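Subject: Structure for you to look at

Hello,

Here is the structure I promised to pass on. Please open it first, then read my notes below.

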Amino acid sequence: QEENNQLFRLQMEKEQKETQRDQWLEDYRLQYDLSEEVVRERLAQLVPIDTSRKQVREIREQLSKIGYFNVEAIEQYQEMQEELDFLKQQMTDLSKSRKDIQELIRDLDATMESMFTESFRRMNEEYNRIFQLLFHGGQAHLRLDGEDVLTCGVEIEAQPPGKKLQSLNLLSGGERSMTALALLFAIFSIHPTPFCILDEIDASLDEANIGRYVEYLQSICHETQFIVITHRKSTMQLAETLYGVTMQNGLSRIVSLRFADFEDETEERSVDA
C-alpha cells in the first residue's frame with residue numbers, strides 16, 4: 001500500500017511538472033511572439049549549462065530590465081547595416097569623384113590660363129599694331145587689372161598721336177570708336193571669321209577717321225566679307241555692291257547696285273562714243 005501511495009505522489013508530481021513546463025513554454029512563446037514550431041526548434045538546440053538558481057534569477061532580472069525583445073530587430077538591423085554599407089560605398093565613390101573633378105578643374109584652369117596668357121600677348125601686339133595703322137601713329141595696349149587672369153578685368157589704354165597715354169574713358173567719341181575698331185580688327189587678325197556685320201560703326205567718325213577706317217577695311221576684306229550698314233558716302237565707296245530701300249507708291253522696295261556692272265556699262269558707252 002505504501003508503494004502505491006508513493007507511486008501516486010510521484011505521478012501527481014510528474015503531471016504538475018509537465019503542466020508547469022507547458023505553462024513556461026506558453027509564457028515564453030507569448031512573451032516573444034513565437035510560433036510553437038520555433039519554440040520546439042529552439043528547445044531542440046538547448047545545451048545543458050551549469051547555472052545556479054541565483055544566477056538564473058539575476059539573468060531574469062537583467063532581462064526584465066531590458067524589456068520586450070523584438071525578434072524582427074535582427075532582420076531590421078541587417079537591413080540597416082546593408083543600407084549603411086551601401087551609403088558608405090556611395091560616400092567613398094562621391095569623395096573619389098570630388099577629388100577627380102577638383103583635379104580636372106585645376107588642369108582646366110592651368111590650361112585656360114596658359115591659353116589666355118598667350119592669346120592676350122598676341123592680342124596686345126596686334127592691337128598696338130592696328131591702332132598705329134588706324135591713327136597713323138601713337139600706341140595702345142591692354143592691361144589686366146588683377147593677378148588672376150581668369151577672373152580679372154581688362155583695361156584699355158590708348159595714346160593717339162600728340163596726346164598722352166590715358167584710359168578709354170578720357171578719349172573723345174571719335175577716338176573711342178577708332179580705339180574700339182582697332183581692338184575689333186585685332187581680334188579678326190588673330191581669329192579671322194568668314195563674314196562680319198558692321199552696323200553704323202562709323203557714325204561718330206569724322207571724314208579723316210573714316211578715310212583711315214576705310215583704308216584699313218580694304219586691306220583685310222580679302223580675308224573677311226564685311227556687310228556694312230552706313231549712311232556715310234566715304235564708306236559706301238569701298239563697297240562692291242550697294243543695297244538700299246526706297247519708297248515707291250507707298251511700298252518699300254529693295255534696290256541693289258553692283259559697281260562692277262556699272263563700270264562695265266560705262267566702259268561700253270565710252271567705246272561706242
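Start with the surface. The protein chain exposes about 21300 Å². Carbon and sulfur atoms supply 53% of that area. As for the interior, 18% of the 273 residues count as buried.

Keep in mind that this is a predicted model. The mean pLDDT of the protein chain is 82. A value of 70 or more is reached by 91% of the residues. Helix H4, residues 72-135, has the highest mean pLDDT, at 90. Helix H8, residues 259-272, has the lowest, at 57.

Now the overall build. The protein chain has eight helices and seven strands. Its radius of gyration is 49 Å, while the globule rule gives 19 Å for 273 residues, so the chain is more spread out than a compact globule. The C-alpha trace spans about 170 × 55 × 30 Å along its principal axes.

Contacts come next. Take those between residues at least 6 apart in sequence: 49% of them join residues at least 24 apart.

One surface spot deserves a look. Which residues form a nonpolar patch there? They are Leu 104, Leu 108, Met 112 and Leu 150. Together they have about 350 Å² of accessible area. Met 112 sits in helix H4, the helix with the highest mean pLDDT.

Best wishes

Terms used:
Residues numbered from 1 in each chain as written. Predicted model: local features only at pLDDT ≥ 70, side-chain atom pairs only at ≥ 80, totals over all residues. Heavy atoms only, no water. pLDDT = per-residue confidence, 0-100. Helix = DSSP H or I, 4+ residues; strand = E, 2+ residues; numbered from the N terminus. Patch = residues over 30% accessible without salt bridge, like charges linked within 9 Å, V, L, I, M, F, W, Y side chains within 5 Å. Areas by Shrake-Rupley, 256 points an atom, 1.4 Å probe, with all protein chains shown as cover. Salt bridge = Lys/Arg side-chain N within 4 Å of Asp/Glu carboxyl O. Rg over C-alpha atoms; globule rule 2.2 N^0.38 Å. Buried < 20%, exposed > 50% of the residue type's maximum accessible area, 1.4 Å probe, protein only. Contact = heavy atoms within 4.5 Å.
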